[in-house]
Amino acid sequence: MMEPVAFPPAGLRRLLNAVTRRTGLHYYVDKADLLEQVVGARMALHGCRTCHDYLALLSDGARGDREWRELESAITIGETFFFRYAEQFAALERTIVPQLIHRAAGTRHLRVWSIGCSNGAEPYSIAILLTRLLEEAGQNAADWHVEILGTDISTRALEQARLAEFSAWTLRDIVPAQRAAWFTPVSPRIWRLHECYRRMVHFRYSNVLDLLRPDGGPAGPFDLILCRNVLIYFAQAQAQALVRAMASRLSPEGWILLGHSEPVSNFAPCLETVRLPGTLAFRAPASGGGRQDACAGVPVLPRRRPVARALVPVPAGNSASVAAEIRRVADGGQVARAIRMCRDHLARYPMDTRIHFLSAVLAWGEGCLLQAEESFRRVIYLARDHVMARCYLARLLEDAGGWVEANRMRQQMIDLVRRCPPDMVLPDGDGMTAGGLLRLARQAAEGPALRHDAQVTS
């Protein structure tokens, strides 16, 4: 039988420093005994007798990365439930979400980010609320493009979130009639969320500290960011920097909701503090101008980071010439270099839909499916009538098994094509006309799914 794990003070300090440096969880600085319990169990599992052995494992390439994910899952506090904090959901229902719906009436596109989403209860709650408020506003949620991103540092929690199956404990604030309307029973004590809500939400592993690194974290703009009961585990200065980094990813008049116990401060001029019944909320100014400068005081956020509306216009003709050069490099077999060229250009001109589209196609060709999906969605967000981005994204989603969203995306594509003259050459379509694409769509309805053959090369 293995001897008890040794935790000399110096070794424990090194472990604690490694954990806080990687995760930002300052919470454990004065709770080393809790960290000892969790780390001790992981060390015993791997046969590590000393802190030095375990630190060596954490530094061991792919093995270390896998163990970090397991350790992060073990030390993350993930207790949550549907519609947690009634006052904040009342503010969302009565003020925040109705304003967002009204503002997006023309585009019918909303983006929401749930940071520290745990088992998915929070982003799924937003999906339920958004669907109901859209219906009450006389809108069909299926006609809107709602992107709700849930991120967490716990891979175990993300697995549970994607499964979308919940216990009676997680549903404890939901009355039986609501549970029956929103969920399907899987067993006497487990319920699964309906597909119409699940398809609005996607999940991704992400460390919130990535926001403080160059080009780190999900790119904005987001209309609503929820970061509740996350920052309480961070040092105050770090928490303040994280909020300012979130502000740089908001759309004009976008909202941030923090937890009641977070180290809240005055974030002006990045954010306006809005007092709502029972809670505080934070809103981005109506115009993005000046917000980048206001948030640039955080030294870890480089000024070249794309920020909504505080953008450098693309010089006339520059986009086409850059795209041609990137295509030439890609055609020469230097795809990785072509992708870097896209990234470097977009760092200066983040509104350039042509290069976003090219970046998406290149990423897809390299098997970077999440990156490709995000870039296609960015094109759609920036150019709401972009046909080919929907064409490619529908195919990507279909290949990944997302049939429902793929069909919805393809129908949006068809609706847009029908408004175009038949002989109109579609942007980024490599010569494809609106009439030609519509014919392909009709053929697909009679046989296999639409498979457009446009390539990066022309």
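## Starting at A360

A360 lies in helix α14, and in this predicted model the residue is buried, with a relative accessible area of 0%. Leaving out residues up to four places away in sequence, A360 touches A372, S375 and F376. Take F376 as an example: A360 and F376 are 16 residues apart in sequence, yet their C-alpha atoms sit 5.8 Å apart in space.

H356 also belongs to α14, which covers residues 353–365. Is H356 buried or exposed? Its relative accessibility is 9%, and the cut-off for buried is under 20%, so H356 counts as buried. Apart from neighbours within four places in sequence, H356 is in contact with L346, P350, S375, R378, V379 and L382.

An α-helix has 3.6 residues a turn, so residues three or four places apart point the same way.

## How α14 meets α15

Now for the helix pair behind those contacts. α14 and helix α15 (residues 369–382) pack at an angle of about 160°, and their axes are 8 Å apart. That angle makes α14 roughly antiparallel to α15. As for handedness, α14 passes α15 in a left-handed crossing.

On the α14 side, the residues involved are T353, H356, F357, S359, A360, V361, A363 and W364. They meet L369, Q371, A372, S375, F376, R378, V379 and L382 of α15.

## Another pair: α12 and α13

Helix α12 (residues 318–331) and helix α13 (residues 335–348) also pack at about 160°, with axes 8 Å apart. The two are therefore roughly antiparallel to each other. Their crossing is right-handed.

α12 brings N318, V322, E325, I326, V329 and A330 to this contact. From α13 come V335, R337, A338, M341, C342 and H345.

## The bent helix α5

α5 does bend, by about 45° at L92.

L92 is one of the buried residues of α5, a list that also holds Q88, F89, A90, A91, I96, V97, L100 and I101. The cover over these buried residues includes α6 (121–136) plus a set of strands: β1 (109–115), β7 (222–227), β8 (250–258), β9 (272–276) and β10 (279–283).

## α5 against α6

α5 and α6 pack at an angle of about 60°, with their axes 10 Å apart. That makes α5 oblique to α6, and α5 passes α6 in a right-handed crossing.

The α5 residues in this contact are F89, L92, E93, V97, P98 and I101. Facing them in α6 are S125, I126, L129, L130, R132, L133 and L134. So L92, where α5 bends, is also in the α5 group that meets α6, and L92 is buried, given the cut-off of under 20% relative accessible area.

## Zooming out

Stepping back to the whole protein, there are 18 helices and ten strands. Of the 458 residues, 52% are buried.

Notes: Residues are numbered from 1 along each chain as its sequence is written. This is a predicted model: local features need pLDDT of at least 70, side-chain atom pairs count only at pLDDT 80 or more; totals for chains, interfaces and linings use all residues. Side-chain values use heavy atoms; hydrogens and water are left out. The bend at a residue is the angle between axes fitted to the seven residues ending there and the seven starting there. Helices (H or I, at least four residues) and strands (E, at least two) are DSSP runs, numbered from the N terminus. Buried means under 20% relative accessible area, exposed over 50%, partly exposed in between (1.4 Å probe, protein chains only). Contact means heavy atoms within 4.5 Å. Axes are lines fitted to C-alpha atoms, for helices over the stretch in contact, and angles run from 0 to 180 degrees between N-to-C directions. Angles under 35 degrees count as roughly parallel, over 145 as roughly antiparallel, 65 to 115 as roughly perpendicular and the rest as oblique. A crossing is left-handed if the near helix is turned anticlockwise from the far one by less than a right angle, and right-handed if clockwise.
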